[in-house]
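Colleague: Before we use any labels on this model, I would like to hear what stands behind each of them. Please set each value against its rule.

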Amino acid sequence: MTASPAASCLFCRIVKGEIPAGRIRESGDSLAIADIAPQAPHHYLLIPKRHATDIGEFMKGPRAAAEMADLLNLGLELALTEHLQERGYRLVVNTGQEGGQTVPHLHIHLLAGREMGWPPG
Ligand code: 5GP
Ligand code: ZN
């Protein structure tokens, strides 16, 4: 039997509770955790519970639109709870090698608490 990608995927294992993480907020389809190496005073990862390597693969799922709305709502609820809208925040989806993606399970970065530069590095 071939192991599913989820069995060895870091974020799938965090979703299942097999690897500890700073779980901040959760919904039926999504989980928000604190990034282990924060790049800003607030740095969260919004993670869909369903495994998909990247946003392109994720959006092929039959419930993808609802799951993506759930993922964004979780981030917006978190931003509101932390009052991040007052000074602003940034949502980032790194995709593929040149996009800077290092964990091959779709996630959205929610960054706030400092002035963000543009263009990104
Ligand atoms: P990417 O580079 O794929 O856009 O983002 C991956 C993010 O996952 C990085 O910001 C990295 O710090 C974070 N990360 C990697 N391993 C872990 C972990 O074990 N726990 C948590 N909470 N974050 C992680
Ligand atoms: Zn996964």
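Colleague: Where does Gln101 lie, and why is Gln101 called buried?

Modeller: Gln101 lies in the loop between strand 4 (89-92) and strand 5 (108-112); helices (H or I, at least four residues) and strands (E, at least two) are DSSP runs, numbered from the N terminus. Buried means under 20% relative accessible area, exposed over 50%, and partly exposed in between, with a 1.4 Å probe and protein chains only. Gln101 has 17% relative accessibility, so Gln101 counts as buried.

Colleague: What basis does the model itself have?

Modeller: This is a predicted model, in which local features need pLDDT of at least 70 and side-chain atom pairs count only at pLDDT 80 or more, while totals for chains, interfaces and linings use all residues. Residues are numbered from 1 along each chain as its sequence is written, and side-chain values use heavy atoms, with hydrogens and water left out.

Colleague: Which backbone atoms does the side chain of Gln101 reach?

Modeller: The backbone oxygen of Thr53 at 3.0 Å and the backbone nitrogen of Gly96 at 2.9 Å. A polar contact is a pair of N or O atoms within 3.5 Å; within protein, one must be able to donate a hydrogen and the other to accept it, and residues adjacent in sequence count only if both atoms are side-chain atoms.

Colleague: What makes Ser30 buried?

Modeller: Its relative accessible area is 0%, so Ser30 is buried. Ser30 is found in strand 2 (residues 30-34), and its side chain reaches the backbone nitrogen of Leu71 at 3.5 Å. Leaving aside neighbours within four places in sequence, Ser30 is in contact (heavy atoms within 4.5 Å) with residues including Ile47, Glu67 and Leu74.

Colleague: Why is His83 called partly exposed?

Modeller: The relative accessible area of His83 is 48%, so His83 is partly exposed. His83 lies in the loop between helix 4 (64-81) and strand 4. Phi of His83 is near 60 degrees, a positive value in a residue other than glycine.

Colleague: What sits over the ring of Phe58?

Modeller: The charged end of Arg50, 4.3 Å from the ring centre. The rule asks for NZ of Lys or CZ of Arg within 6 Å of the ring centre and within 35 degrees of the ring normal.

Colleague: Which peptide bond is cis?

Modeller: The one from Trp118 to Pro119, with omega near 5 degrees. Pro119 is found in the segment after strand 5.

Conventions
Chains lettered and ligands numbered in written order.
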